[in-house]
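Student: Please show me the model, and then let us work through it by question and answer.

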Amino acid sequence: MLGSHVGLGGKEQFLGSVKEALLYGADTFMVYTGAPQNTRRKDVSEMRIPEAQELMKQSGITEFVVHAPYIINLGNTVKPESFAFSVEFLQEELRRTQAMGSRTLVLHPGAHVGEGEDAGIMQIIRGINETLAADTEVRIALEMMAGKGSELGTNFAQMARIYDGVVHNNKLRLCLDTCHLNDAGYDVKGDFEGVLAEMERYFPLNQVACIHLNDSKNERGAAKDRHENIGYGTIGFDRLYAITKMPEFANTPIILETPYVSEVEGGKDRTLAPYREEIAMLRKGVFNRELWKTIVANR
């Protein structure tokens, strides 16, 4: 399954998200339940969910994922009020994800904000334990991170520590991000099979609920987390295309989060989503070296 991040807003709300995914030629997608940088949220009754679900049914989209907002940080031991807010907001995001019909909520594990790995991991475990219950229907997919700042979840050993501390860890899954893995030091370009073998020391492959397919602007191990368009970064088209063809991930949502293309038109800057062209490129298995021109021409 191949898709991209899509927007949510305006009068069409979630229905518009599905329409955007179909415009890109996607058969899955990822969406936020509102802006990822703030707490403003429409009530689910206003999000046109039944219409969106009907369009997905008609179009053959059987699975999509939701991404939790960036403002959640379960690793914060410095500000109790920030931790409490994160737990409460995560609980609400799980409810909204279930209402939308997704089984998977992708979550950045958190950052220790200077207090160290052990303190941060214990706080993440505490936050997840306050969130998940035996009857929780949505899975939390912890996203592998690049190691920027005091981010946690930058290696499989850290993720395993979190799993081990969570009571209902059958509700946890992993989200692999190719840019993050590269920037964290894993050899995505040269030995992705080896990366998976390293993962399988801690987790079976069926724990991967989602893959974020992004090239990277950075060399391996840079710990910077700067996404690049498919084929234009240090990982390269051949490896990213090969990941989309791996039989192990045939039924796993593979999501593009690559940068928008900027263009000046009539003296004004505009940004264009690259996803229709990148998805087509990956389906054909042929790198388009004129991707930028193709994107602009198609608009």
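Student: How do the residues lining the second largest pocket divide into nonpolar, polar and charged?

Tutor: This is a predicted model, in which local features need pLDDT of at least 70 and side-chain atom pairs count only at pLDDT 80 or more, while totals for chains, interfaces and linings use all residues. Residues are numbered from 1 along each chain as its sequence is written, and side-chain values use heavy atoms, with hydrogens and water left out. For the classes, Ala, Val, Leu, Ile, Met, Phe, Trp, Tyr, Cys and Pro count as nonpolar, Asp, Glu, Lys and Arg as charged, and the others, Gly among them, as polar. The lining of the second largest pocket then divides into eight nonpolar, one polar and three charged.

Student: What volume does the second largest pocket have?

Tutor: On a 1 Å grid over the protein atoms alone, a pocket is an open set of points with protein on both sides within 12 Å along at least five of seven lines, whereas a cavity is a set where a 1.4 Å probe fits but cannot get out; lining residues have an atom within 4 Å of a point. Grid points are joined across faces, edges and corners, and a volume is the space filled by probe spheres set on them. The lining of the second largest pocket includes M1, L2, D27, F249 and R283. Its volume is about 170 Å³.

Student: Which residues lie nearest the centre of the largest pocket?

Tutor: The largest pocket holds about 500 Å³ of space. Its lining has eight nonpolar, 10 polar and six charged residues. Of the 24 lining residues, those nearest the centre are Y32, H67, Y70, H108 and D225.

Student: Which residues line the largest cavity?

Tutor: The whole structure has one cavity of 30 Å³ or more, and the largest cavity contains about 30 Å³ of space. Its lining divides into five nonpolar, two polar and no charged residues. The lining residues are H67, A68, P69, Y70, I72, L107 and H108.

Student: Which residues have the most contacts inside the largest nonpolar core?

Tutor: In soluble globular proteins, nonpolar side chains tend to be buried together. A nonpolar core is a set of buried Ala, Val, Leu, Ile, Met, Phe, Trp, Tyr and Cys residues joined through side-chain atoms within 4.5 Å, where buried means under 20% relative accessible area, exposed over 50% and partly exposed in between (1.4 Å probe, protein chains only). The largest core has 77 residues, and those with the most contacts inside it are F14 and F29.

Student: Which helix gives the most residues to this core?

Tutor: Helices (H or I, at least four residues) and strands (E, at least two) are DSSP runs, numbered from the N terminus. With six residues, the one that gives the most to the core is helix α3 (residues 80-100).

Student: Which elements do the buried residues of α1 pack against?

Tutor: Helix α1 (residues 13-23) is mostly covered, with eight of its 11 residues buried. F14 is among the buried residues, and apart from neighbours within four places in sequence it is in contact (heavy atoms within 4.5 Å) with residues including L8, F29, M47 and M100. The buried residues of α1 pack against β1 (2-5), β2 (28-31), α2 (49-59) and α3.

Student: How far apart are the closest N and O atoms in the salt bridge of R161 with D118?

Tutor: A salt bridge is a side-chain nitrogen of Lys or Arg within 4 Å of a carboxyl oxygen of Asp or Glu, and the whole structure has 18 of them. In the bridge of R161 with D118, the closest N and O atoms are separated by 3.0 Å. R161 is in helix α5 (residues 156-165) and D118 in helix α4 (residues 117-129), so the pair ties together parts that are 43 residues apart in sequence. The N and O distance asked for is 3.0 Å.

Student: Which residues are linked in a network of salt bridges?

Tutor: Side chains of opposite charge can pair when their charged atoms come close. The residues linked in a network are R41, E93 and R96.
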